[in-house]
Amino acid sequence: MANSSVPQVQQKFDVIRQLRVEVDAVKAEAEEWKKNMDRLASEKEAARTQLASAEIQLRSLKEKAFVQASDRERLATELSTAKSEVEKAMANADAMVAVYRFDAEAAQVRAKEVAEAAQARANWVAEHAKCQSRRETLEEIHARGFDLTAEIEKAKELEAETGVLAFPDGDDTGSMSGSKSEGGLEGEDASPGED
């Protein structure tokens, strides 16, 4: 039995050795799997870290985009408001320019009318002065003894008409000399008739 047990023991040792080799192979394989799992866990952690970083960057970019969009909207609103204000200012400026042009044109028309009226009055004043001078000359000649009563009366009428045209507001400075002359003329009329 000793002989038969040795080969069995030997066989068992061989089986044990073989099992040890297989166990060692399994251990080596398990060690390899463990290393791979550690590496994968490390890679997974790195991927998680990168993902978290990417999420943070994405969130930051979204916030920046939101801020930029808000800024764009605010700037667009400000630009729109500024454009509106510029358009209103331009419209007001155009309206003011139109009013000033209208006022300037009206002032030019009024100035022209005043100038024409002044020129017409100056002409009538000059004509009145001529009539007054003619009447005075006729009165002087009459005072020397010539009978010019009819001519003097016509000259007085013409002088009065031109006086009204020359001095429409009643400021007839020439009428005083005419009224003084009239009183003197009546006295003079009597004397040449008496002679």
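Which residues make a nonpolar surface patch of about 260 Å²? The patch is made by Val9, Phe13 and Ile16.

The model is predicted: local features need pLDDT of at least 70, side-chain atom pairs count only at pLDDT 80 or more, and totals for chains, interfaces and linings use all residues. Residues are numbered from 1 along each chain as its sequence is written, and side-chain values use heavy atoms, with hydrogens and water left out.

**View 1. The protein chain and its helices.** The protein chain has three helices and zero strands, and its elements run α-α-α from the N terminus on. Helices (H or I, at least four residues) and strands (E, at least two) are DSSP runs, numbered from the N terminus. Of the 195 residues, 10% are buried, where buried means under 20% relative accessible area, exposed over 50%, and partly exposed in between (1.4 Å probe, protein chains only).

**View 2. Ile16 in helix α1.** Ile16 lies in helix α1 (residues 2-143). Because its relative accessible area is 39%, Ile16 counts as partly exposed.

**View 3. Thr162 and its surroundings.** Thr162 belongs to helix α2 (residues 149-166). Thr162 is classed as buried because its relative accessible area is 3%. Leaving out residues up to four places away in sequence, Thr162 touches Trp124, Glu127, His128 and Cys131; such a contact means heavy atoms within 4.5 Å.

**View 4. The pair Thr162 and His128.** The side chains of Thr162 and His128 make a polar contact (3.1 Å). A polar contact is a pair of N or O atoms within 3.5 Å; within protein, one must be able to donate a hydrogen and the other to accept it, and residues adjacent in sequence count only if both atoms are side-chain atoms.

Terms used: Patches are made of residues with over 30% relative accessible area and no salt bridge: like charges are joined within 9 Å, nonpolar side chains (Val, Leu, Ile, Met, Phe, Trp, Tyr) within 5 Å. Accessible areas come from the Shrake-Rupley method with a 1.4 Å probe; for residues, only the protein chains shown count as cover. A salt bridge is a side-chain nitrogen of Lys or Arg within 4 Å of a carboxyl oxygen of Asp or Glu.
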